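Please read them with the structure open.

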Amino acid sequence: MTHSLLSLNEKDRSKMPLEYSTEEGDLRIVGFWIFLAAELVLFGTLFGTYLVLQSHTAGGPTAKDLFEIGPVMAETIVLLVSSFTCGLSTIELRRHNKKGLIGWLIVTILLGLVFVGLEVNEFYTYAVHEGAPLSRSAFLSGFFVLLGTHGCHVSLGIVWIIGILLQLARRGITPVTARKAFMVGLYWHFLDVVWIFIFTAVYLTGLVI
Amino acid sequence: MIESIKSFMGWFFVTGDPMIYGADASIALVSIGIVAVLTYFKKWKWLWDEWLTSVDHKKIGIMYILAALLMLFRGGIDALMMRAQLTLPNMHFLDAEHYNQVFTTHGTIMIIFVAMPFIFGLMNIAVPLQIGARDVAYPFLNALSFWLFFMGAMLFNLSFVIGGSPDAGWSSYAPYAGAEMNPGVGQNYYLLGVQISGIGSLATGINFLVTILKMRAPGMTLFKMPMFTWSILITSVIVVFAFPAFTVALALMTIDRLFGAHFFTIAAGGSPMLWANLFWFWGHPEVYIVLLPVFGIFSEVIATFAHKTLFGYAVMVWSMVAISLLSFITWLHHFFTMGNTAPVNAFFSISTMLIAIPTGVKIFNWLFTLNKGRIQFTTPMLWALAFIPNFTIGGVTGVMLAMAPADYQYHNSYFLVAHFHSTLIAGTVFGIFCGLHYWWPKMFGYMLDETKGKWSFWIFMISFNICFMPMYFLGLMGMTRRMYTYPAGLGWTPINVVMTIGAVGMGVGFALIAYNIVWSAIHGNKDKTGDPWGGRTLEWATASPAAEYNFAHIPEVSTRDAFAAMKEDKGVFTTKTAKPYEPIHMPNNTGIPVIMATFMFIAGFGCVFEWYWMAVPGLIGIVICMIARSFVYDDHHYISVNEIKRTEAGTGRLS
């Protein structure tokens, strides 16, 4: 459909997965990978900031005082499982199984919602019950903004998946909806990778060091 | 009630300075004038259909350049105000506070709202044409980038009549820029205005990276691309990896100021040095974001008017790659004097000096391109030729500044100010004027007048030297930057007088360029061939201005300087061909980018004043626009064969 916009030598796309079957889909997926590279720098900067400020607690609560392994493990497991179910949705996409794709995406956003709920609860506990809001110290500023940015990304991802679910339900699996479902999968896995770094750099080092 | 309205107005609007009232009046008059003209000539629909909703890269490029020229005017006025204040000792033209605001807005506007959008405008116009494409990879995103830049610039400029301007310098150093020492809304304007425009820049970087990597004409391998396209490819990579760091830095300082966090404060464990590191981690690559593209422009122009192929093509490419890599490991040289250890300073000193090597290689390649060339002294060529010696002086003084021990002497003196103006004016500004004259016929279908162009060049270039050459010596004599006045008897006065004369001369040069634009719009020579300069690259293979679809047939490329080769060997000149036309697929116009950017403006303005009743609806509007866009499926149309035939016949290109 969209071949004439683009001037690359025509490839035989019929054997490729649906999301790559048009040049437009191909272009957008490449661009999304580059966007994720930019996101990597964004989170890298936030990690750098957090690690610099980690010890600047200004007499307030330290990482060791605040963090508890229980809720952190719960958040981690929920998010990792959601990444797995998101992967399953991509497999269903490749099988052109609309029901399976929609089903696994719904499971993914439900797990995402649980994650966001757990995180909001964690923030609320720190800020209200433990007397450790963002304005208490540089360490807490770094903590809330790093994790908050990740949490906002997850929340935006949930809204995005809901939008794609509506389009899938109405239009079925087409090259365009397939590309969108594939791209949101990339985004979701990326957030999972970021969480693994948060788990290591924030929680593990915070509890151990 | 009336009292409270009065006190609100007194605080909301900037009051007390007759110059500000003059500005208020002129803004109001110009706004009323624009609305009246558009209404009288019934042009609102035309404005909306043809420009505000356009996703055509050529129109977006023109809008970028018009906005950048307006901003250049404002930044230039700021510069002249500073020069007026400093001409003589103990002047009272501006007070200290006002002077701080003026140098802050001058720096910010010139870098963020002039240099970058001007370059983005030129690359929007030239890159898709140079690679033989019909548009950029993401036309919608391209329009959104422009409107984000535009709204960011408007928000930033609003500060001088509403609420007050930022005054912490364009680098906005903590802790002075923090809420404690800098209350009020000025600094918020800086943070939000630059942030909004920066998001657009990041999107442009991604857009052009994909466009160049994936949409080149058949046969155009990477090492057959025009040098300007190469420079934009490399610049886009720098944008993608540098801008997110700035996004974070601005966001963190915004959170500091609005929500009481402690990233850069002195109290509660904050680290002001962290700001300097984050800012310059973006800020130094930013220097190359505005320099590499003009290196590309000069490469095109010098090759065209020396009537030779560019000397050392591959070396030109690899030296730009080297510069882009080195640009990420030199940021600390902006604060050698902030108490780093000697090994740290030594590392950054060496990495900075290393940049001189690939840059020097490029200078010699341009000289060798000129060697034995048949040089034609057109206006663009004059700008390019003047660039070489003037920019080299800026480069050499840069190496002087790179020596950390010596930098303790130069740091924050006028020597530094002279250095970066030598690079940014003799590099970037000469480059954008060069590109403006060179691609003007491609944008509008007529030439800028050569005589007026040459006059404006000579006046601007000589005045630039009158203004900035003495400045080096003033710096060595001890005058530091950002001082708003100075006592008599230090021996600085004569040099300051000379510099002000130079600054006025540059203003005259710019005014002449503006006059030339207006004059040529009425009397300028039409460019009927599409190739007025005898160009070497594909943008000259199509009509001036290019049709909406750029090329009726996508050209096929077999060598570098593809169009020069096509002209030599008429057999492969593929724009005039008997091949049948096919319907061309093009993206539809859309109003979502301008609406979304307007919501961004509303959200930004709300955050500036901490009016969350305004900011939150703005943010919701942005999300709604994103969702609305996601549900649009009917987003393209086809241009019929008949229409292509009509268009091609209109430019004499139908065989």
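1. D561(B) first. This residue is buried, because 23 other C-beta atoms lie within 10 Å, where 20 or more is the cut-off. D561(B) sits in the loop between α17 and α18 of chain B. Its phi is positive, about 50°, although D561(B) is not a glycine. Keep in mind that the model is predicted.

2. The peptide bond from S544(B) to P545(B) is cis, with omega near -15°.

3. A cis bond also occurs elsewhere in chain B. It runs from A174(B) to P175(B), and its omega is near 0°. P175(B) belongs to the loop between α6 (139-158) and α7 (186-214) of chain B.

4. H307(B) deserves a look as well. Its phi is near 55°, a positive value in a residue other than glycine. The residue lies in the loop between α9 and α10 (313-326) of chain B.

5. Now the largest nonpolar core. It has 255 residues. A249(B), M253(B) and F298(B) touch the most other members. Which helix gives the largest share of this core? Helix α9 (residues 272-306) of chain B does, with 23 residues. Domain 2 (53-590 + 635-650) and domain 3 (593-634) of chain B both give residues to this core, so the core lies between them.

6. Leaving aside residues up to four places away in sequence, A249(B) touches W275(B), L278(B), F279(B) and W282(B).

7. On domains, the assignment for chain B gives three entries: domain 1 (15-52), domain 2 (53-590 + 635-650) and domain 3 (593-634). The C-alpha centres of domain 1 and domain 3 of chain B are 24 Å apart.

8. Helix α8 of chain B covers residues 227-259, 33 residues in total. From first C-alpha to last it reaches 47 Å, close to the 48 Å expected at 1.5 Å a residue. Where does α8(B) bend? The bend is at A242(B), by about 30°, and a proline, P244(B), follows within four residues. Of the 33 residues of α8(B), 28 are buried, so this helix is largely enclosed by the rest of the structure. Just after α8(B), G260(B) takes a positive phi of about 70°.

9. Chain A has six helices and zero strands. From the N terminus, its elements run α-α-α-α-α-α. Its C-alpha atoms fill a box of roughly 65 × 35 × 25 Å along the principal axes. Of the 209 residues in chain A, 38% are buried. Among contacts in chain A between residues at least 6 apart in sequence, 76% join residues at least 24 apart.

10. Helix α4 of chain A spans residues 98-129 and has 32 residues. Its reach from first C-alpha to last is 45 Å, close to the 46 Å expected at 1.5 Å a residue. Buried residues in α4(A) include L101(A), W104(A), L105(A), F115(A), E119(A) and Y126(A). What covers the buried residues of α4(A)? The cover includes α2 (63-66), α3 (69-94), α5 and α6 (175-208) of chain A. Just after α4(A), G131(A) has a positive phi of about 60°.

11. Last, the interface. How many residues of chain A are in contact with chain B? There are 34, and they meet 42 residues of chain B. On the chain A side, the elements that give two or more residues are α1 (23-53) and α5 (138-171). The largest share of that side, 14 residues, comes from α1(A). The side of chain A that touches chain B divides into 20 nonpolar residues, 14 polar and no charged.

Terms used. Residues are numbered from 1 along each chain as its sequence is written. Chains are lettered from A and ligands numbered from 1 in the order in which they are written. This is a predicted model: local features need pLDDT of at least 70, side-chain atom pairs count only at pLDDT 80 or more; totals for chains, interfaces and linings use all residues. A nonpolar core is a set of buried Ala, Val, Leu, Ile, Met, Phe, Trp, Tyr and Cys residues joined through C-beta atoms within 7 Å. A residue is buried if 20 or more other C-beta atoms lie within 10 Å of its own, exposed if 12 or fewer, and partly exposed in between; C-beta atoms are placed from the backbone. Domain bounds come from an automatic or database domain assignment. Two residues are in contact if their C-beta atoms, placed from the backbone, lie within 7 Å. Ala, Val, Leu, Ile, Met, Phe, Trp, Tyr, Cys and Pro count as nonpolar, Asp, Glu, Lys and Arg as charged, and the others, Gly among them, as polar. The expected span of a helix is 1.5 Å times one less than its number of residues. The bend at a residue is the angle between axes fitted to the seven residues ending there and the seven starting there.
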